[in-house]
Amino acid sequence: MNQSYCNDQAYIAESFHLDDDYIGQMSRLSQFKINSYKLSLIKASFCRTKDELEKNLHSTLLNYTSPAIILADLGFFKSETEN
């Protein structure tokens, strides 16, 4: 009887690659948001949009998420029971 074994290396590599791409994109977006806020603090012409940028930073970058929620969203708890 020939029993086949699953090789999870491709799945793990692809999952890592997707997570790495997502983290890279989100860090670039965060850097752009922070740089535009810094620019609004320096230039008086951006004074009107400063409040909007500050609200955007507080609502998107400066919020706390518990590690358990992040792990659950990534499927960590589900995958541990399957292994």
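Which residues make a nonpolar surface patch of about 390 Å²? The patch is formed by Tyr22, Ile23, Met26 and Leu29. Patches comprise residues with over 30% relative accessible area and no salt bridge; like charges are joined within 9 Å, and nonpolar side chains (Val, Leu, Ile, Met, Phe, Trp, Tyr) within 5 Å. A salt bridge places a side-chain nitrogen of Lys or Arg within 4 Å of a carboxyl oxygen of Asp or Glu.

The model is predicted: local features need pLDDT of at least 70, side-chain atom pairs count only at pLDDT 80 or more, and totals for chains, interfaces and linings use all residues. Residues are numbered from 1 along each chain as its sequence is written, and side-chain values use heavy atoms, with hydrogens and water left out.

The protein contains 4 helices and 0 strands. Helices (H or I, at least four residues) and strands (E, at least two) are DSSP runs, numbered from the N terminus. The element order from the N terminus is α-α-α-α.

The protein exposes about 7,700 Å², of which carbon and sulfur atoms supply 58%. Accessible areas follow the Shrake-Rupley method with a 1.4 Å probe; for residues, only the protein chains shown count as cover. Of the 83 residues, 6% are buried. Buried denotes under 20% relative accessible area, exposed over 50%, and partly exposed in between (1.4 Å probe, protein chains only).

Helix α1 spans residues 9–42 and includes Met26. Met26 counts as partly exposed because its relative accessibility is 33%. Lys33 also lies in helix α1. Lys33 has 17% relative accessibility and therefore counts as buried. Beyond neighbours within four places in sequence, Lys33 contacts (heavy atoms within 4.5 Å) Asn56, Leu57, Thr60 and Leu61.
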